[in-house]
Amino acid sequence: LGNPVSALQLFQSWVESIAVDPALIQGGILWSPSDQVFDHQQELGLGVELLEELLELTEGYTLFKAFCIKTSRYSESGAHPVDALTFGLGELVEILERVSCAPRTVFEKLFLETAVGEHHFGEVGRQLAFRQLVQNLALLYQVEVEEQELVLFCQTAHWSQSVLDTHTNTIRQTYQALSAVLGGANVLWVRPLEEEHASTQERRIARNVSAILKEEAYLDKVQDPSAGAYFLENLVADLVQEMQT
């Protein structure tokens, strides 16, 4: 929410205090250079400068991602989910054109972020297509990236939740989380309705959604549950073709 460089430096100080090898730390900063534009009304150039500092600071953190391509800002504001990917990829192109380091460094240090809505198969296809599109974009910069190397961070959509029927939100959170997992999410964030004012029970229910999908639906036992599904593979192919044209 503030300066990502200061936040990372505090985190690194803590890592040093507990004597952990930085190369073993996995994770990332849920921050995009475009946050400076949308959240702080500043120039994108300042966001790119902050990104370059983050890339330098995380050089020894080989499994740690310095920034994300945040598409939820668009879908949560009412944009079509596919348009959200388009705008997110446009941000990535803009960053690649402005940053001073090699494109390979940018692709190695980014992760992908989406907010998963209520259109089940469409959202599964959208997550799968997102990875393919970033992989294809990397090839235009002579960078080869495997799809499994691209970390996908998915959160349940906030705009589709109801303030009048909170019990229904549990169902919505569950099938949105299911869509995220089937779409290949590496990280899942099930969000309570009111993030800042959520009660202890609401936060516990949100946490338990992913626990139920893991412990009762066994979604963590198969690497790619949707592999081989004719409908989904064709849907992904159509999405990729439409967005690339």
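**Exercise 1. Find which residues make the nonpolar surface patch of about 270 Å².**

Solution. Start with the members: W14, I18 and V20 together make this nonpolar patch of about 270 Å². To count, patch residues need over 30% relative accessible area and no salt bridge; like charges are joined within 9 Å, and nonpolar side chains (Val, Leu, Ile, Met, Phe, Trp, Tyr) within 5 Å. A salt bridge here means a side-chain nitrogen of Lys or Arg within 4 Å of a carboxyl oxygen of Asp or Glu. The areas come from the Shrake-Rupley method with a 1.4 Å probe, and for residues only the protein chains shown count as cover.

Next, zoom in on W14. You'll find W14 in helix α1, residues 4-17. Helices (H or I, at least four residues) and strands (E, at least two) are DSSP runs, numbered from the N terminus. W14 has a relative accessible area of 48%, so it is partly exposed. The cut-offs are these: buried is under 20% relative accessible area, exposed is over 50%, and partly exposed lies in between (1.4 Å probe, protein chains only).

A word on what you're looking at: this is a predicted model, where local features need pLDDT of at least 70 and side-chain atom pairs count only at pLDDT 80 or more, while totals for chains, interfaces and linings use all residues. Residues are numbered from 1 along each chain as its sequence is written, and side-chain values use heavy atoms, with hydrogens and water left out.

**Exercise 2. Work out how many disulfides the whole structure has.**

Solution. Searching the whole structure turns up 0 disulfides, a disulfide being a pair of cysteine sulfur atoms within 2.5 Å.

**Exercise 3. Give the strand order of the open sheet of 4 strands.**

Solution. Reading across, the order is β3-β4-β5-β6, with parallel pairing. At the edges are β3 (67-70) and β6 (187-189), each pairing on one side only. Strands pair if DSSP finds at least two bridges between them. On average, neighbouring strands are turned by 25 degrees against each other, direction ignored; axes are lines fitted to C-alpha atoms, for helices over the stretch in contact, and angles run from 0 to 180 degrees between N-to-C directions.

Now go pair by pair. β3 and β4 are joined in the parallel sense by 4 bridges, and C68 has F111 in β4 as its bridge partner. β4 (residues 110-116) and β5 (residues 152-156) share 5 bridges, also parallel, with A115 opposite Q155 in β5.

Finally, check the two sides of β3. F67 and I69 point one way, C68 and K70 the other, and all are buried.
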